[in-house]
Amino acid sequence: MRVSEDLVAVRLTKLERLRARGIEPYPYKFERSHTTTAVRERFADLPPNTRTGEEVRLAGRIFSLRRMGKLTFADLRDGSGRIQLFVSKNVLGEEYDLFLELDLGDIVGIWGEVITTKTGELSVEVQGFELLAKALRPLPEKWHGLRDPEKRYRFRELDLLTNEKSHKVLLDRALIVSTMRRHLERKGFIEVETPILQPIPGGAAARPFITHHNALDRDLYLRIAPELYLKRLLVAGYEKVFEIGKNFRNEGISTQHNPEFTAMEAYQAYGDYYDAMELAEDLICECVEAVHGALELQYQGRRVDFSRPWRRVTLYELLSGEFGIDPEAPLEALLSELERKGVECPEHLRAGPKGKLLEHLLELVEGRLVDPTFVMDYPLDISPLAKRKRGNPELVERFELFIAGFEVANAFSELNDPEEQRERFLMQERLRAAGDEEAHRVDEAFLRALEHGMPPAAGIGIGVDRLVMILTDSPSIREVIAFPLVGERR
């Protein structure tokens, strides 16, 4: 973001003058007695033109200055809110002229009496102040500042500082994550940490980022999912585990995708995918109520109702109803039927496996799944880590959860047969050899762990960023990430 060098030069000159007067413009510490919000809450009902006789010490950034001769009004903001400063030459004396030297964006500590003005505005009459950090660059203009999305993401600290909606989104995100954590801990889950650097990227169908460890002289991968390590903890005897952390996938950037994203994964021994559905309903409903106080919200103009029970529909039922096709038909027959109905199918999906085609069809209709919907029972060929469905071995016990048109969660009855898991991995390796860069790899360490015995289990992964998008009415995933990835400056 380009700033007039003349403006920077003026502030540098002020900095030099301060130091020449023996004033340190970047001191170490300031003792506060209150936040601005705490002052507002304590003195909320004061009538106009009141003096409390109580002194407070506040610190924050100057956001506005209205100079009126021997009287100045300023807007002080800290991390909790804002309050008006009432600054008069009669009270400050010689320091008043120094206060007039402040610029918008300067960080100050102040002390003074809590009062209300004649108009009833709660204020602090400043009896003294200390400059805590001189801002050498001005803030964006209030009405003509960071409006371009690329600038907002590139200079994110300024966007979060000056854009109240952006600022609140990150506060809501923190609330959602802490609600998730508390909910899982109440249910007996323990929080664990698994490796970010992995010798084999596993647990999802995705292209990984690759790096090199010099001391070991070997390539490693940023994890695409923590799943296989979390299951190894089930083998180790931990019956309920979860992790909230970063995953990395070498894919494009869109309103729903960022190469670095946050997921919550939880695994429960002795459960199945029905238990994972119940966990998803409980956990997400608690997050919705934490943010909204109710189970309804608006997302981008569409009403989303989280009232339970949530809809459950099989993948085959959904596609049959949406396209008027028989998803159980062989691949060639299915392609012919879709062609007669005018549904275009990308060429690379015509060679199979059929599950990839059905996955594509689901992507075409997922935007219509607004209220929470569990889409259940997926083809085995696209679900190598899930148990076969009871009564239909061509399918697996897997669901994806869709809310507001987004896939928000993915869950299985977890496959714990080591011999079948090896066969599934080998099938995936054949797909890799045929050109599928996202296919799973054979993970011998995981297979060895399974051979020691893993209990039947339910596993679920929830996309934290997408859930925060929905709960904060944010149109893009980049709005809910503190520092989203941006391209090179041109």
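Reply: Two strands pair if DSSP finds at least two bridges between them. Strands (E, at least two residues) and helices (H or I, at least four) are DSSP runs, numbered from the N terminus. This is a predicted model, in which local features need pLDDT of at least 70 and side-chain atom pairs count only at pLDDT 80 or more, while totals for chains, interfaces and linings use all residues. Residues are numbered from 1 along each chain as its sequence is written, and side-chain values use heavy atoms, with hydrogens and water left out.

Start with strand S19, residues 457-463. Strand S18 (residues 406-413) runs antiparallel to S19, and 5 bridges join them. Here Ala 411 stands opposite Ile 460 of S19. Strand S11 (residues 260-269) is also antiparallel to S19, with 7 bridges. Gln 268 has Ala 458 in S19 as its bridge partner. Is S19 enclosed or open? It is largely enclosed by the rest of the structure, because 6 of its 7 residues are buried (under 20% relative accessible area; exposed is over 50%, partly exposed in between, with a 1.4 Å probe and protein chains only).

Other strands form an open sheet. Its 3 strands come in the order S7-S9-S8, with antiparallel pairing. Strands S7 (197-198) and S8 (210-213) are the edges, each pairing on one side only. S8 and strand S9 (residues 218-222) are joined by 4 bridges. His 213 faces Arg 218 of S9 there.

Now the helices. Thr 179 lies in helix H7 (residues 164-186). Its relative accessibility is 1%, so Thr 179 counts as buried. Beyond its neighbours within four places in sequence, Thr 179 is in contact (heavy atoms within 4.5 Å) with Glu 286, Cys 287 and Ala 290.

Helix H11 (residues 331-340) and helix H12 (residues 354-365) have axes that come within 10 Å and cross at roughly 30 degrees. Axes are lines fitted to C-alpha atoms, for helices over the stretch in contact, and angles run from 0 to 180 degrees between N-to-C directions. H11 and H12 are therefore roughly parallel (under 35 degrees; over 145 is roughly antiparallel, 65 to 115 roughly perpendicular, the rest oblique). Leu 331, Leu 334, Leu 335 and Leu 338 in H11 meet Lys 354, Leu 357, Leu 358 and Leu 361 in H12.
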